[in-house]
Amino acid sequence: MKGIKQHLSNRKHTPTSVYSFQFRGRYSYSNALTGTNTPYGLSHADDMIYLFRTPAFFPDFPRGSPEAEMAQLLVKFFVDFASHESVDKVGTCYGEKCDVMTFSNTKDPYFPVSKRLVPGLDEKMYSFWQSFFGDSA
């Protein structure tokens with residue numbers, strides 16, 4: 001978060017977008033790296049499973065699955081940002097204010113994935129990590 005704040009204060013007209021990937025699908029690098037099915041939660045690079053096919057580690061998602069739907073949402077988010085420098089003017093930082101596009105699971109079987117805009121950066125979480133790492137975080 002410190003890096004985001006520093007970037008926002010120093011940038012001129014560079015578009016910036018922030019997202020939080022909280023979706024837990026059937027595959028995870030935590031399973032591939034530990035060799036177990038123990039549910040450790042999300043692994044650092046799990047969002048990459050939904051952006052790039054990795055058949056050496058994970059099979060393709062079944063059509064119509066929540067994972068396939070999440071892949072479509074996440075890829076569209078990145079393509080829109082890369083091609084239009086914004087995500088429909090949503091999820092992009094303006095001045096020193098950022099809203100965060102959050103990708104996550106839902107409990108609704110008809111709409112099993114969620115893409116929603118969360119206003120502001122998570123200052124509470126930033127303060128939590130600052131308490132451990134101080135100025136180096």
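Q: Let's start with Glu67: is this residue buried or exposed?
A: Glu67 counts as buried, because its relative accessibility is 7%, and buried here means under 20% relative accessible area, with exposed being over 50% and partly exposed in between (1.4 Å probe, protein chains only).

Q: Before we go on, what sort of model is this, and how are the values taken?
A: It is a predicted model, in which local features need pLDDT of at least 70 and side-chain atom pairs count only at pLDDT 80 or more, while totals for chains, interfaces and linings use all residues. Residues are numbered from 1 along each chain as its sequence is written, and side-chain values use heavy atoms, with hydrogens and water left out.

Q: OK, back to Glu67. Which residue forms a salt bridge with Glu67?
A: The partner of Glu67 is Arg26, with 3.0 Å between the closest N and O atoms; a salt bridge is taken as a side-chain nitrogen of Lys or Arg within 4 Å of a carboxyl oxygen of Asp or Glu. This pair links distant parts of the chain, 41 residues apart, since Arg26 sits in the loop between β1 (18–21) and α2 (29–34) and Glu67 in helix α4 (residues 66–84). Helices (H or I, at least four residues) and strands (E, at least two) are DSSP runs, numbered from the N terminus.

Q: And Arg26, how accessible is that end?
A: Arg26 is partly exposed, with a relative accessible area of 44%, whereas Glu67 is buried.

Q: How many salt bridges turn up in the whole structure?
A: A search of the whole structure finds three. Besides Arg26 with Glu67, there is Asp60 with Arg53, where the closest N and O atoms are 2.9 Å apart, and Lys76 with Asp80, where the corresponding separation is 2.6 Å.

Q: Why do Lys76 and Asp80 lie about one helical turn apart?
A: Lys76 and Asp80 are separated by about one helical turn because they are four residues apart in helix α4. Lys76 is partly exposed, at a relative accessible area of 45%, but Asp80 is buried, at 10%.

Q: What about Asp60 and Arg53, how accessible are they?
A: Asp60 is partly exposed, with a relative accessible area of 47%, and Arg53 is exposed, with 61%.

Q: New topic, then: how many helices and strands does the chain have, and in what order do they run?
A: The protein chain has five helices and three strands, and from the N terminus on its elements follow the order α-β-α-α-α-β-β-α. Of the 137 residues in the chain, 32% are buried.

Q: Which way do β1 and β2 pair, parallel or antiparallel?
A: β1 and β2 pair in the parallel sense, over four bridges, and two strands are said to pair if DSSP finds at least two bridges between them. Strand β2 also pairs with strand β3 (residues 113–119), there in the antiparallel sense and over seven bridges.

Q: Which residues stand opposite Thr102, then?
A: Ser20 stands opposite Thr102 in β2, and Thr102 in turn stands opposite Arg116 in β3.

Q: Why is β2 described as largely enclosed?
A: Strand β2 spans residues 99–105, and six of its seven residues are buried, so the strand is largely enclosed by the rest of the structure.

Q: Going back to Arg116, is it buried or partly exposed?
A: Arg116, which lies in strand β3, counts as partly exposed at 46% relative accessibility.

Q: And Tyr19, where does that one lie?
A: Tyr19 lies in strand β1 and is partly exposed, with a relative accessible area of 25%.
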